[in-house]
Every structure is written in structure tokens, then in C-alpha cells.
Amino acid sequence: SAQGLFDCVDLVVDFADEAERQIVSVRFTGQVREQVGAEATDFDEVWHLVKPKDDSRNWAIAGIQQRQ
């Protein structure tokens, strides 16, 4: 079971509505365990996602920024 391996809080930190696309940046913070019983490791990341305004594609990850 993967239960308890991942605890996360997310927060939208930025949104841009451009002529051709929408961009959203979401910050994820929390702890992750690589395996059951292992010590938890903190993480802090900002995921940048983009989507064409014409809805021709779903949201796609444009980049992941590691924060310290």
C-alpha cells in the first residue's frame, strides 16, 4: 500500500491569461517517503502548466522548479 508515502499542500501562486494560452504556476510543499518505513523528506516545488486558449489540448507541464 502507498498510503502515507506522500503528504502535500498545493497553492496557486500565479496565473497568466495571454493571447494564445493560459499559464498557471502551482506550488507543492510537503513530505515524501521513498518506501514504507523510510524517513520522510521535505519537498518544495513550483509546477508551471500551460494550455492553449482554444482548448485544443489539455493542460501540460511546462516545467518544474525546485525551491529551497
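A salt bridge here is a side-chain nitrogen of Lys or Arg within 4 Å of a carboxyl oxygen of Asp or Glu.

**Before you click**

You're looking at a predicted model, where local features need pLDDT of at least 70 and side-chain atom pairs count only at pLDDT 80 or more, while totals for chains, interfaces and linings use all residues. Residues are numbered from 1 along each chain as its sequence is written, and side-chain values use heavy atoms, with hydrogens and water left out.

**Stop 1: the whole chain**

Show the cartoon. You'll find 4 strands and 0 helices, running β-β-β-β from the N terminus; helices (H or I, at least four residues) and strands (E, at least two) are DSSP runs, numbered from the N terminus. The C-alpha trace spans about 50 × 25 × 15 Å along its principal axes. The radius of gyration is 15 Å, whereas a compact globule of 68 residues would have one near 11 Å (taken over C-alpha atoms, with the globule rule being 2.2 Å times the number of residues to the power 0.38). Of the 68 residues, 19% are buried; that means under 20% relative accessible area, with exposed being over 50% and partly exposed in between (1.4 Å probe, protein chains only).

Now color by pLDDT, the predictor's confidence in each residue, from 0 to 100. The chain has a mean of 87, and 91% of its residues reach 70 or more. Confidence is lowest in E1, with a mean of 81, and highest in E4, at 96.

**Stop 2**

Zoom in on Asp44 and Arg27, where the closest N and O atoms are 2.6 Å apart. Asp44 sits in strand E3 and Arg27 in strand E2 (residues 21–32), so this pair links distant parts of the chain, 17 residues apart. Is Asp44 buried or exposed? Asp44 counts as buried because its relative accessibility is 16%. Arg27, at 26%, counts as partly exposed.

**Stop 3: Asp17 and Lys53**

Next, pick Asp17 and Lys53, whose side chains meet in a salt bridge (3.0 Å, N to O). Why does this pair tie together separate parts of the chain? Asp17 lies in strand E1 (residues 6–17) and Lys53 in the loop between E3 and E4, so the two parts being tied are 36 residues apart in sequence. Asp17 is partly exposed at 49% relative accessibility, and Lys53 is also partly exposed, at 38%.

**Stop 4: Asp55 and Lys51**

Move on to Asp55 and Lys51, another salt bridge, at 2.4 Å from N to O. The chain's salt bridge count comes to 5.

**Stop 5: Val12, Phe15 and Trp59**

Finally, keep the surface on and select Val12, Phe15 and Trp59. Together they make a nonpolar surface patch of about 310 Å². Patches are made of residues with over 30% relative accessible area and no salt bridge: like charges are joined within 9 Å, nonpolar side chains (Val, Leu, Ile, Met, Phe, Trp, Tyr) within 5 Å. Trp59 is in the loop between strand E3 (41–52) and strand E4 (60–66), and counts as partly exposed because its relative accessibility is 39%.

Technical notes:
Areas by Shrake-Rupley, 256 points an atom, 1.4 Å probe, with all protein chains shown as cover.
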